[in-house]
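Visitor: I would like to learn how to read a few features of a protein model. Please take them one at a time.

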Amino acid sequence: MIKRLLPLDRAQWFPDRMILGDLVFRLEHYKNDDWDLGDQCLAFFKVRGLVDQYQEFWALRPSFRAENVVELGIWDGGGAAFWFEMLDPRKLIAVDYSPRGDSDYFRRYVARRILQERLKTYWGTDQADRSRLQRIVEDEFQGPLDLVLDDASHVYEPTLASFETLFPLLRPGGFYIIEDWAWAHWKEFQGPRSPFAGRTAPTKLICELVEAAGGVTGLIASLTVMVGFTAVERGPVALDRPLAFSLRDYISREPWPRITRVRALARQKLRRLTERMRLAG
Ligand SMILES: C[S@@+](CC[C@H](N)C(=O)[O-])C[C@H]1O[C@@H](n2cnc3c(N)ncnc32)[C@H](O)[C@@H]1O
């Protein structure tokens with residue numbers, strides 16, 4: 001049974017930090033110049049609202065147990081430590097394409113809790129590097145994955161690459177979670193000054209997952225779309241060649257005639273309007 005997610009009586013929330021036992025998580029969204037703890041903390045890229053959504057999600061699945069966990073996107077290790085505290089898995093492997101390395105605070109946490117064999121980080125690892133991800137999972141885990149948490153690029157192509165690599169390695173009933181998939185629908189991330197300007201949003205992948213979930217019985221057992229994340233539950237369908245898994249192969253779609261019709265009507269209206277304006281001089 002999953003430990004109750006961040007029992008709120010154990011987690012103490014402050015405007016700029018969350019404290020869990022002897023761990024201090026600095027809330028990156030509320031970073032300020034008055035930070036008085038220096039680097040005696042883990043930077044954490046989650047806000048309380050997101051943690052509450054996870055709480056809600058797991059509360060509906062009280063018997064879910066995650067032993068083998070992969071997290072994509074480490075930053076300062078806040079997410080990795082948070083998930084480790086929450087899930088108490090057999091092993092959690094976290095990867096990040098940055099060469100940054102573990103902070104002293106993170107290293108001390110791992111050493112203090114004697115987690116060297118259970119909580120490992122792989123820096124310099126791109127989530128789009130399919131063969132490297134496969135190798136890491138093969139080397140680190142015995143048995144299938146229970147949970148993948150993607151909090152890395154938030155961009156369609158690399159997100160799809162790691163999904164296609166790791167989803168087949170989940171057990172049926174395991175979850176693949178894509179965090180912050182919805183940035184393209186948030187005003188502060190729209191426009192040319194957005195850090196994601198010019199990038200394809202994961203919304204495209206979420207729509208493809210809906211298509212695959214509807215078209216193939218047993219590939220995706222369920223899809224839960226929340227503001228902060230989308231959770232894809234692995235169905236029982238056997239994937240004979242997991243290393244060659246391509247989501248596109250599981251999508252069958254009829255052309256969408258209504259769109260064509262709506263576009264044709266809009267064009268017709270525009271033509272009439274232009275003609276009327278021309279006649280009116
Ligand atoms: C939002 S931060 C992760 C935050 C962390 N999970 C937490 O909860 O505190 C995103 C991280 O993803 C990493 N990243 C971005 N693109 C990536 C890619 N293509 N492959 C692997 N990591 C990537 C960045 O270097 C950054 O450290």
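Visitor: In which loop is the place of Ile114?

Guide: Ile114 sits in the loop between helix H3 (104–112) and strand E7 (119–122). Helices (H or I, at least four residues) and strands (E, at least two) are DSSP runs, numbered from the N terminus. Residues are numbered from 1 along each chain as its sequence is written. This is a predicted model: local features need pLDDT of at least 70, side-chain atom pairs count only at pLDDT 80 or more, and totals for chains, interfaces and linings use all residues.

Visitor: What is the phi of Ile114?

Guide: Most residues other than glycine have a negative phi. Ile114 is not a glycine, yet its phi is positive, about 55°.

Visitor: Is Ile114 buried or exposed?

Guide: A residue is buried if 20 or more other C-beta atoms lie within 10 Å of its own, exposed if 12 or fewer, and partly exposed in between, with C-beta atoms placed from the backbone. Ile114 counts as exposed because it has 8 C-beta neighbours inside 10 Å.

Visitor: Which residue follows H2, and what is its phi?

Guide: Asp88 follows H2, and its phi is positive, near 50°. Asp88 lies in the loop between helix H2 (78–87) and strand E6 (91–95). Asp88 has 14 other C-beta atoms within 10 Å, so it is partly exposed.

Visitor: How many residues of H2 are buried?

Guide: In an α-helix there are 3.6 residues a turn, so residues three or four places apart point the same way. H2 is mostly covered, with nine of its 10 residues buried. Among the buried residues are Phe82, Trp83 and Phe84.

Visitor: What is the order of strands in the open sheet of four strands?

Guide: Two strands pair if DSSP finds at least two bridges between them. The order in this open sheet is E1-E2-E3-E4, and the pairing is mixed. Strand E1 (11–13) and strand E4 (42–44) are the edge strands, each pairing on one side only. E1 pairs with strand E2 (residues 17–20) in the antiparallel sense over three bridges. Ala11 has Leu20 in E2 as its bridge partner.

Visitor: Which residues are closest to the ligand?

Guide: A residue is near a molecule if its C-beta atom, placed from the backbone, lies within 6 Å of it. Here 19 residues surround the ligand, and the closest are Phe45, Gly73, Gly79, Gln127 and Ser153. Gly79 is also one of the buried residues of H2.

Visitor: How do the residues of that shell divide?

Guide: Ala, Val, Leu, Ile, Met, Phe, Trp, Tyr, Cys and Pro count as nonpolar, Asp, Glu, Lys and Arg as charged, and the others, Gly among them, as polar. The shell around the ligand has nine nonpolar, six polar and four charged residues.
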